[in-house]
Amino acid sequence: MTLLLHDVTLTYPDGESRLTALDAVGLEVPAGTLTAVVGPSGSGKSSLLAVAATLVTPDSGRVVVAGRDTAPMSAAQKSALRREHIGIVFQQPNLLASLTAAEQLQVMAHLSGRPARQLRRRALELLDAVGLADKADKRPHQLSGGQRQRVNIARALMNEPTVLLVDEPTSALDHERGAAVLDLLVTLTRERSTATVLVTHDRAHLERMDRTVTMTDGRLADPVAAA
Amino acid sequence: MFVAWRDLRFAKGRFALMGAVVVLITLLVGLLSGLTSGLARENVSAVTGLPATHLAFAAPPGGQEVSFTRSQVPESAWRAWSGQPGVRSARPVGIRTTDAAAGERTAAVSVFGVEPAGGLAPRGLAPGQVVLSEKAAEELGGAKAGGTVRVGRLELTVAAVSGTAAYSHTPVVWADLRDWQRIGDPGTSPEAVATVVALDADGSADLAAGDRAAGTTVRTIAEALGAIGSYQAENGSLQLMRGFLFAISALVIGAFFTVWTIQRSADVAVLKALGAATPYLLKDALGQAVVLLAAGAGLGTALAAGLGALISGSDVPFVLDAPTVLVPAAVMIALGAAGAALSVRRITAVDPLTALGSAR
Ligand SMILES: Nc1ncnc2c1ncn2[C@@H]1O[C@H](COP(=O)(O)OP(=O)(O)O)[C@@H](O)[C@H]1O
Ligand SMILES: [Mg+2]
């Protein structure tokens, strides 16, 4: 299994007590498939991604990424795991203001100690794949919201991740652009055989997903099974 | 430094402003350093130029610090020092600041009385003669070899003009020790005296024993500079100014990079979430600071050297050499980098979780 969460519980400090963001959550995502997580705001969807991305350590439970148990890993090892195996598409595009679109991708190679210059070709191919071939040398402020979101997606794919985590990619986009971005994610998941988790509150395109799960108050449920 | 270089170019205005501050402080420190060295040279070059390791002063009464003006050593003192093991040579030096005159021109000079054959004397010095430093000759209306100058009550012949020795902001005139002893007031005791004994001692010399035998207090040349009244006050205040400038620049740079690091903490969170290791980010940020400092200090040093070259042609005492120009630049870079290092340290504390979701 490319991404596996088993019995994961996560709490945040909340004044005197603790707030349970994830309550005994289990999730399996095979390579080349796309799982959508839907649910109301504050239900724990982003927390689920944060745990899968090794950005936060759960109180209990197992997180396995690309066949590796993350529990015994040091912070440096988790950084390396994120660089090499996890692609994150942020809710806000989170692009770096001083970098051109191509450089947003090249920096990923640089983080991994690969020569950024030599990987420009790959960056351009990915930008082409998201329909931004002609925007490679534009900085974020010269791009539209939808274009920035597509750079965000292309960046997540730069280091050929096995796991792709996507947080509400369409929330800042209008309906038509949102649909285009979802199309893109479906295509990329199939082509590049990533285990993709897509958090969304947009129920419009759920039929395109391999599986949809619902998050309520930190608990996961299969809506199909529940229905 | 993938991101750091691009940030430098992208936020040109901010970095140019900070760079300009570094340029100006380096320029100021560079000029101050040149001036400090220049003033010091006019104050002590005759002493530092003596071929000696130590100076023996008359032991001051009651635990006072030694002083050139109050020191007077008898011939027995340099005889006693000569006999000490490990002391290769012990030679008397008389120092007295007085007026010299050539024709109509008079000038304040420092007369250094030395034994003509003793190894401290400049070439050509003989009894009844003086060797003028270049500045002394100039101030005495261009006195030349063969001319006469009046020093105190003595008429002496100029044997040569050579060297740039100066003492206590007056040019040096070298004279025979015997002549020097007769320059002063008629009341001077007939006993042969000098101001200090210049010692050339090796590491094995027992200096305390020498002091006891000769009734003197010995100081290294560097320590002895403190015995020149004006030197310590002057040098001390200039060094203090320099120190403050260094401290100010370190603080300003630290403050700049603190603000800059806070401003880009969202970017840092994103890079961390993407898998950037903390050492990678620290190297990036510190490298950026060093580039800025090196560029600023380099330009400031070039300006200081250029201005210094203009100034040293004039009457202002200004020393322009590699140490006076490069050492302040190196200190600027080192202190600035230290200030920046303290500021960019907060990169370590940035939580990558803040890059995710709507928490941002
Ligand atoms: N870093 C945090 N510290 C404390 N509480 C948090 C933190 N992140 C999220 N929470 C809380 O955890 C719950 C789940 O949040 P989140 O995972 O962001 O939900 P969603 O993405 O579904 O809106 C919310 O009640 C939220 O307030
Ligand atoms: Mg969320």
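The questions and answers below concern the interface of chain B and chain A in a predicted model. Local features need pLDDT of at least 70 and side-chain atom pairs count only at pLDDT 80 or more, while totals for chains, interfaces and linings use all residues. Residues are numbered from 1 along each chain as its sequence is written, chains are lettered from A in the order in which they are written, and side-chain values use heavy atoms, with hydrogens and water left out.

Me: How many residues of chain A are in contact with chain B?
Reply: Contact here means heavy atoms within 4.5 Å. By that criterion 23 residues of chain B take part, and on the side of chain A the number is 29 residues.

Me: What area do chain B and chain A bury between them?
Reply: Buried area is the accessible area (1.4 Å probe) that two parts lose on being put together, summed over both. Carbon and sulfur atoms carry 69% of it, and the total buried between the two chains is about 2400 Å².

Me: Which residues in chain B lose the most area to chain A?
Reply: Three residues together account for 29% of what the side of chain B buries. They are B:Phe2, B:Leu274 and B:Leu356.

Me: Which side chains meet in a salt bridge?
Reply: The rule asks for a side-chain nitrogen of Lys or Arg within 4 Å of a carboxyl oxygen of Asp or Glu, and across this interface it finds 1 salt bridge. At 2.9 Å from N to O, the partners are A:Glu103 and B:Arg6.
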